[in-house]
Amino acid sequence: MSTRSTAYAADLEAIHQVVATVEHSQRHKDPDEFLSLFHPDAIWTTSGGRVLLGLDAISEFTRAVLPAADWDGKVTYEVVHVSFIRPDVAAVKVRQVYTTSGEEGAPLYVMSKQDGRWLLTACQNTGVVTG
């Protein structure tokens with residue numbers, strides 16, 4: 001395997017790990033684990049359309065909402081597609097399923113690589129409307 005394809009495979013694995021950590025943090029309603037995944041200047045748009053600018057705003061929202069969430073924590077996150085915009089920026093399409101209710105989300109995570117680590121940088125958490 002070439003150095004380039006080895007780096008690509010490592011980046012893909014790291015991106016999948018970020019999404020797996022999002023899933024773990026949501027299942028366990030752990031705001032600290034979730035917030036550790038964000039770039040300091042991140043943008044997060046909630047499924048309700050609220051725009052949060054910067055880690056402080058994302059943190060304030062997450063600490064208020066995640067631990068108090070009334071769902072049972074049974075949720076899965078699956079990477080559906082990764083598109084590298086540049087070697088250090090990727091758009092990641094995710095399928096999110098709340099297994100008890102059957103509700104789905106279709107988040108888009110734009111991640112950037114900072115000091116060798118992939119971070120959530122600009123994210124849109126979109127609910128899927130059925131019917």
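Start your tour by selecting Asp115: this residue is exposed, with a relative accessible area of 85%. Throughout the tour, buried means under 20% relative accessible area, exposed means over 50%, and partly exposed is in between, using a 1.4 Å probe and protein chains only. What you have open is a predicted model, in which local features need pLDDT of at least 70 and side-chain atom pairs count only at pLDDT 80 or more, while totals for chains, interfaces and linings use all residues. Residues are numbered from 1 along each chain as its sequence is written, and side-chain values use heavy atoms, with hydrogens and water left out.

**Stop 1: two loops**

Stay on Asp115, which sits in the loop between β6 and β7. Helices (H or I, at least four residues) and strands (E, at least two) are DSSP runs, numbered from the N terminus. What is the phi of Asp115? It is positive, about 50°, although Asp115 is not a glycine. Most residues other than glycine have a negative phi. Now select Lys29, in the loop between α1 and α2. Lys29 is not a glycine either, and its phi is positive, near 50°.

**Stop 2: the core**

Next, select Val19, Trp44, Val92, Tyr109, Met111 and Leu120 together. These residues touch the most other members of the largest nonpolar core, which has 24 residues. A nonpolar core is a set of buried Ala, Val, Leu, Ile, Met, Phe, Trp, Tyr and Cys residues joined through side-chain atoms within 4.5 Å. Color the elements that give two or more residues to this core: α1 (3-27), α2 (31-35), β1 (38-45), β3 (75-86), β4 (89-98), β6 (108-114) and β7 (117-124). In soluble globular proteins, nonpolar side chains tend to be buried together.

Zoom in on Tyr109. Which residues is Tyr109 in contact with, leaving aside its neighbours within four places in sequence? Contact means heavy atoms within 4.5 Å. The partners of Tyr109 are Val19, Val22, Trp44, Tyr77, Ala90, Ala91, Val92, Val94, Leu120, Ala122 and Cys123.

**Stop 3: the pocket**

Select Gln26, Ser47, Gln96, Tyr98 and Asn125. Among the 24 residues that line the largest pocket, these lie nearest its centre. Here is how such a space is found: on a 1 Å grid over the protein atoms alone, a pocket is an open set of points where a 1.4 Å probe fits, with protein on both sides within 12 Å along at least five of seven lines, and lining residues have an atom within 4 Å of a point. The volume of the largest pocket is about 530 Å³, taken as the space filled by probe spheres set on the points, with grid points joined across faces, edges and corners.

Which elements each supply at least two residues of the lining? They are α1, α3 (55-65), β4 and β5 (104-105). The largest share, three residues, comes from α3. By type, the lining has twelve nonpolar, ten polar and two charged residues. In this count Ala, Val, Leu, Ile, Met, Phe, Trp, Tyr, Cys and Pro are nonpolar, Asp, Glu, Lys and Arg are charged, and the others, Gly among them, are polar.

**Stop 4: salt bridges**

How many salt bridges does the structure hold? There are five, a salt bridge being a side-chain nitrogen of Lys or Arg within 4 Å of a carboxyl oxygen of Asp or Glu. Three of them can be visited here.

- Select Lys113 and Asp11, whose closest N and O atoms are 2.8 Å apart. This pair links distant parts of the chain, with Lys113 in strand β6 and Asp11 in helix α1, 102 residues apart. Lys113 is partly exposed at 29% relative accessible area, whereas Asp11 is buried at 11%.
- Select Arg63 and Asp32, with closest N and O atoms 2.8 Å apart. Arg63 lies in helix α3 and Asp32 in helix α2, so the pair ties together parts that are 31 residues apart in sequence. Arg63 is partly exposed at 42%, and Asp32 is partly exposed at 47%.
- Select Arg86 and Asp88, with closest N and O atoms 3.0 Å apart. Arg86 is partly exposed at 47%, and Asp88 is partly exposed at 28%.

**Stop 5: two helix residues**

Select Leu12 in helix α1. Leu12 is partly exposed, at 21%, and touches Val82 and Phe84, not counting residues up to four places away in sequence. Finish at Phe61 in helix α3. Its C-alpha atom is 29 Å from that of Asp11, 50 residues away in sequence.
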